[in-house]
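Reader: I've got a structure open on my screen and I'd like to learn how to read it. Can you walk me through a strand and a pair of helices?

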Amino acid sequence: MTATSPAENMQINGDRLWESLMEMAKIGPGIAGGNNRQTLTDDDAKGRELFQKWCEDIGCTMGVDKMGNMFATYPGSDPDALPVYMGSHLDTQPTGGKYDGVLGVLGGLEVLRTIHDLDVKTKHPIVLTNWTNEEGTRFAPAMLASGVFAGMHEMDWAYDREDAEGKKFGDELQRIGWVGDEEVGTRKMHAMFELHIEQGPILEAEEKDIGVVTHGQGLWWLQVTLMGKDAHTGSTPMHMRVNAGLGMARITELVHTVAMDNQPDAVGAIGQCNVYPNSRNVIPGKCVFTIDIRSPHQEKLDGMKARLEAEAPKIAEELGLGIEIEPVGHFDPVTFDEGCVTAVRNAAEHLGYSHMDIISGAGHDACWINRVAPTSMIMCPCVDGLSHNEAEEISQEWAAKGTNVLLHAVLETAVVTG
């Protein structure tokens, strides 16, 4: 984008963006002010329908692939030029906020609305994407559909993923009517940008408007199943118990210790757990839980996984428990494309926004897409770093600034022609 570009001083309509966020939040409301719009539910279908309508209102054409990924295309002046992509996801956690993922999709929509309103022309087409099942809370793993797109998972394997009720991803995608006809992963990209809330406290604490995301943490999800013996809590002597719940507690402590032993730049916790039979007066005979470990350093990530896989069985053996450990999610640390990162940094500097380089602590669709196309991310602060919680909050100003950076990074990459 040159100094004489007609888009030089362009900014998005912050009020319109905020209204769109609040309108989408009406679909799948939570119980405490957030959202419960889990993937492939009826509410997910309603959110998709609204998103499609908004895109078509400004002349976009909508494509959908066999994983349900949605691609709204705004034409460029050169039909042979590879498109510049942007986007995130509309699905939420069961107790999710109104902005996680949704800001990246509706911020992208506001970019297209702004370009449309001001009749700005770009050489490259611009495509806005809603990636299916980013959260992974209903169908593990997270970033499932972008992972298929990037060739990390087979589509048949993804279709066979089951939720807690035994319903399969493929069946539910068909049930809500969002199985597209495009083959997954055939689209080629000039670049992709993903706008997202930070989901951490760093930007707010440092009083920065924008996070220029240079790297993403790698991740392992290890699903652990402990098998003990159901027994009466009142009449079973302590020395005769085979308590799967006690094993889970000790492995929880082990996860914390392993993460602390790898400081800095390492985290770990157990976030999902199910205890069986889950009765007040029955010693748990079975526990199934997921260990989540992350680091931006490959050697630390690999070392933590190896130590957990070696020491957790020892804990189980000491307690007389059976144990199975199954990897259910993984991606290596990510280094985002230098050119795309520079475009984000240039946009923040051009707009006069305070900014800093940052590592994404969470996984995002951009982490997979980075394997098949030049990619980077833009982050805005969120209050107290709180996310995956109905109390998740951002300011209208933060949302607008992040979207303005997205706008200018995309325009620089798509090449303004008029």
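Reader: Let's start with strand E15, residues 375–380: how many of its residues are buried?

Author: Keep in mind that this is a predicted model. With a strand, begin by checking how well it is covered. E15 is mostly covered, with six of its six residues buried.

Reader: Which residues point which way from E15?

Author: Thr 375, Met 377 and Met 379 point one way, while Ser 376, Ile 378 and Cys 380 point the other way. Both sets are buried.

Reader: And which strands does E15 pair with, in what sense?

Author: Look for bridges and their direction. Strand E5 (residues 191–197) pairs with E15 in the parallel sense, over six bridges. There, Glu 194 has Met 377 of E15 as its bridge partner. Strand E6 (residues 210–216) pairs with E15 in the antiparallel sense, over three bridges. Met 379 of E15 stands opposite Gly 211.

Reader: OK, now the helices. At what angle do H10 and H12 pack?

Author: For two helices, take the angle and the distance together. H10 (residues 338–351) and H12 (residues 396–414) pack at about 120°, and their axes are 8 Å apart. H10 passes H12 in a right-handed crossing.

Reader: Which residues make the contact?

Author: On the H10 side they include Ala 343, Val 344, Ala 347 and Leu 351, and on the H12 side Val 405, His 408, Ala 409 and Glu 412 are among them. By class, the contact of H10 with H12 has seven nonpolar, five polar and one charged residues.

Note on methods
Residues are numbered from 1 along each chain as its sequence is written. This is a predicted model: local features need pLDDT of at least 70, side-chain atom pairs count only at pLDDT 80 or more; totals for chains, interfaces and linings use all residues. Side-chain values use heavy atoms; hydrogens and water are left out. Axes are lines fitted to C-alpha atoms, for helices over the stretch in contact, and angles run from 0 to 180 degrees between N-to-C directions. Helices (H or I, at least four residues) and strands (E, at least two) are DSSP runs, numbered from the N terminus. A crossing is left-handed if the near helix is turned anticlockwise from the far one by less than a right angle, and right-handed if clockwise. Contact means heavy atoms within 4.5 Å. Ala, Val, Leu, Ile, Met, Phe, Trp, Tyr, Cys and Pro count as nonpolar, Asp, Glu, Lys and Arg as charged, and the others, Gly among them, as polar. Buried means under 20% relative accessible area, exposed over 50%, partly exposed in between (1.4 Å probe, protein chains only). Two strands pair if DSSP finds at least two bridges between them.
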